[in-house]
Structures are given as C-alpha cells and as structure tokens.
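Take a look at the model below.

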Amino acid sequence: MVTLRDVAKAAGTSVSAVSTVLNGRAEAGRIGAELQKRIEVTARDLGYRCNQLARSIATGLTRTIALVSDAGEHCEYFYELNAGILDSASAHQYALKIYLTAHQSLASILEHLVGERTGGVLFHIVNPGCATTLMKALDREQIPYGVVNTAPFSRRGFRVDSDDSPGVEAAVRHLHKLGHRRITYFDYNQEVASIYARREGYRTAMEQLGLIPDIISALEMNGPYPELQRRFSAPAGTRPTAVVGYSDMLALKAFGHAYELDLKVPADLSLVGFAGLSLADFSPVPLSTVKQPFQDMGRRGTELLLERIDHPERMAEFHTDLLPVMLSPGKSSAAAPNP
C-alpha cells in the first residue's frame with residue numbers, strides 16, 4: 001500500500017506537506033500552487049488512497065460535518081443552503097450528514113454527533129432552546145460549530161447570515177423613487193434575528209425619507225391577517241400604495257388579500273418581497289424581491305467550520321459574517337397611483 005511517506009519521497013517534499021495537500025487544506029497550510037500540483041500528480045501516479053479509518057483513529061474525528069436544521073425539508077432556501085454546504089465540503093473531501101429536528105429527537109441527534117465523532121456542526125435552527133441544548137453539549141465535547149442563516153444562540157462559534165437591514169432599506173428607497181409615500185411593512189411576531197434586522201432597515205429608511213413607518217406584525221406567519229385586510233379596505237387616499245414583505249411568502253399573502261378586494265398589482269398596490277426564491281418568479285405578477293445569497297452562506301459557513309476544525313484554539317472566538325443582498329425589481333412594483 002502506498003503511504004504518505006512514499007508520496008513525500010517521490011515528490012521531494014515533507015510528509016507534513018503531503019498530508020496538508022491531500023487533506024484538502026493546501027491554502028490554509030500555505031502550500032504553494034506548484035508544490036500542491038506536484039504532490040497531487042505524484043499521489044495520483046502512485047495510486048495513493050487515503051485511509052479514512054486510520055485518520056479518524058489518530059485524530060479522534062471523522063472527516064464528516066453535520067447540518068442540523070429545524071426548517072421544513074420542503075423549504076427551497078434549505079436546499080439552497082445545503083447546496084452551498086455540499087459544494088464546499090466536497091471540495092475539501094468532507095462528507096455531510098443532515099439531521100432534521102422534525103424527524104429526530106435532540107437526544108438522538110446528539111448521540112450521533114458525539115458518538116460518530118463528527119468533525120464539526122452547522123446549525124440552521126430558529127428555536128433557541130433546541131440550539132442552546134445542542135451547543136452546550138458540543139462545547140463539552142470540544143466539537144466546533146457555527147450557525148448559518150439564523151441568529152446565534154451562543155457567543156462561541158460563528159454566524160454567517162445575509163445583511164438584511166440594508167436590503168429592506170433598498171426596497172423602501174426603490175418604492176420611494178417610484179413615488180410611493182404610504183409604504184407598509186408586513187411581518188409576523190417571532191423571536192428571530194432577521195425579524196428585527198429587517199424591521200430596523202424599514203424604520204431607518206422611512207425615517208431618513210421623512211415618512212411615517214407603518215408596521216403590521218401578524219400573530220402567526222400563516223395568518224390570519226386582519227390588520228392587513230383593514231389597511232387594504234381603507235379609502236384610496238389613505239390606504240398603503242406599497243407593501244414590503246418580510247419574505248416572498250408574506251408579500252404573496254398580501255397579493256392574495258389585494259386580489260380579494262379587487263386591488264390590482266402593481267396599478268393599485270406595489271409589492272416587494274425578501275429572499276429571492278423561485279416562487280417570486282412564478283407568482284401571477286413576477287415579484288420584486290431582495291435576493292439572499294443562500295448558497296454563498298452555505299459555502300462561507302463551511303469554510304469557517306473547516307478552519308475551526310483545523311485550528312481548535314479558535315473555537316472560543318465568536319465571529320459574524322453578513323453577506324450582501326441584492327434588490328431585484330420585478331413586475332410587482334411600479335409608479336405609485338395618483339392620490
């Protein structure tokens with residue numbers, strides 16, 4: 001069997017350099033491109049195969065990372081995040097295991113994470129109690145972790161999310177340029193970081209533009225929405241001419257209420273959502289939206305997690321990366337109707 005020492009001798013370099021390159025960590029180990037290529041070609045020519053079992057025995061960890069999520073498996077953004085995570089994990093020769101809290105108890109998930117010596121964990125969890133329970137256990141086991149597209153529930157690890165506040169500001173300014181002055185923001189009540197960030201972006205833009213904020217927060221994401229119905233039923237000179245939704249889904253809920261009251265989009269009412277999911281393109285009127293970089297969030301989260309695996313001393317540090325969002329005007333936002 002070909003060993004690391006055989007590859008190092010044939011490539012004219014050290015065993016540690018070969019190990020770094022063949023473990024997919026050439027950049028982190030500051031291995032030059034020329035040496036990296038020579039090692040990879042030599043290993044391939046010699047028929048070297050990595051012994052994952054031996055590696056896991058030596059390090060106490062497997063070359064596997066995990067994603068723990070409480071999102072529904074039918075959510076499009078979950079698959080977008082997952083695609084980014086898989087892309088980065090595969091590039092570094094890591095496998096990915098997915099645990100959904102809807103189908104598995106926390107005790108069972110934790111047993112697998114610890115018992116199988118998972119290298120690191122990414123969380124995509126809204127429920128703070130659920131996340132905190134798992135994070136405390138991982139702290140005890142010295143397994144690195146971070147969160148993607150959700151709020152941090154620990155001052156350890158890291159957080160990768162979209163920069164939501166400027167995104168909502170951009171949506172409001174877009175509508176203001178179209179002549180809208182009665183712009184309502186529509187979300188729901190939940191203790192989620194993105195709720196607060198997007199509300200703050202809305203308030204900031206409205207105040208800077210000299211407009212009066214009008215926020216409707218539904219008790220539940222799936223309704224009912226009596227306040228929205230009441231706003232849309234007001235006389236033409238007082239009702240909102242535009243709505244910014246916390247999500248694409250809520251913007252489309254507003255679309256449905258407008259339809260029931262015979263309000264035309266965008267002639268009577270302009271709409272802007274948030275997320276940039278495919279449903280925005282397939283709505284009756286293609287939706288203006290703020291696009292979140294879900295795949296990039298997954299990739300960046302994986303990169304940070306692998307850095308923590310390679311450098312355990314960084315586990316106690318807390319780090320936040322907020323990735324930029326992009327306004328994508330569709331057909332649902334247009335010039336404000338005449339007063």
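This is a predicted model. Start at strand β6, residues 183-188. Four bridges tie β6 to strand β8, residues 242-245, and the two strands run parallel. Within this pairing, T184 stands opposite V243 of β8.

Now step back to the sheet around that pair. The sheet is open and has six strands, in the order β7-β6-β8-β9-β10-β12. Its pairing is mixed. Which strands stand at the edges? They are β7 (215-218) and β12 (326-328). Each has a single partner strand, so one side of each is left without a neighbour in the sheet. On average, neighbouring strands here are turned by 20° against each other, with direction ignored.

Next, find the helix that covers these strands. Helix α8, residues 164-177, lies across β6, β8, β9 (270-275), β10 (288-291) and β12. Against β9, helix α8 runs at about 165°.

Finally, zoom out to the chain. Its secondary structure comes to twelve helices and twelve strands. The C-alpha atoms fill a box of roughly 80 × 45 × 35 Å along the principal axes. How much of the chain is buried? Of the 339 residues, 46% count as such.

The surface comes last. The chain exposes about 16200 Å², and carbon and sulfur atoms supply 54% of that area. As for charge, the chain has 35 positive and 37 negative charges, and the mean positions of the two sets are 3 Å apart.

Methods:
Residues numbered from 1 in each chain as written. Predicted model: local features only at pLDDT ≥ 70, side-chain atom pairs only at ≥ 80, totals over all residues. Heavy atoms only, no water. Pairing = 2+ DSSP bridges. Axes fitted to C-alpha atoms, helices over the stretch in contact; angles between N-to-C directions. Contact = heavy atoms within 4.5 Å. Buried < 20%, exposed > 50% of the residue type's maximum accessible area, 1.4 Å probe, protein only. Areas by Shrake-Rupley, 256 points an atom, 1.4 Å probe, with all protein chains shown as cover. Lys, Arg positive; Asp, Glu negative; His and termini not counted. Charge placed at Lys NZ, Arg CZ, Asp CG, Glu CD.
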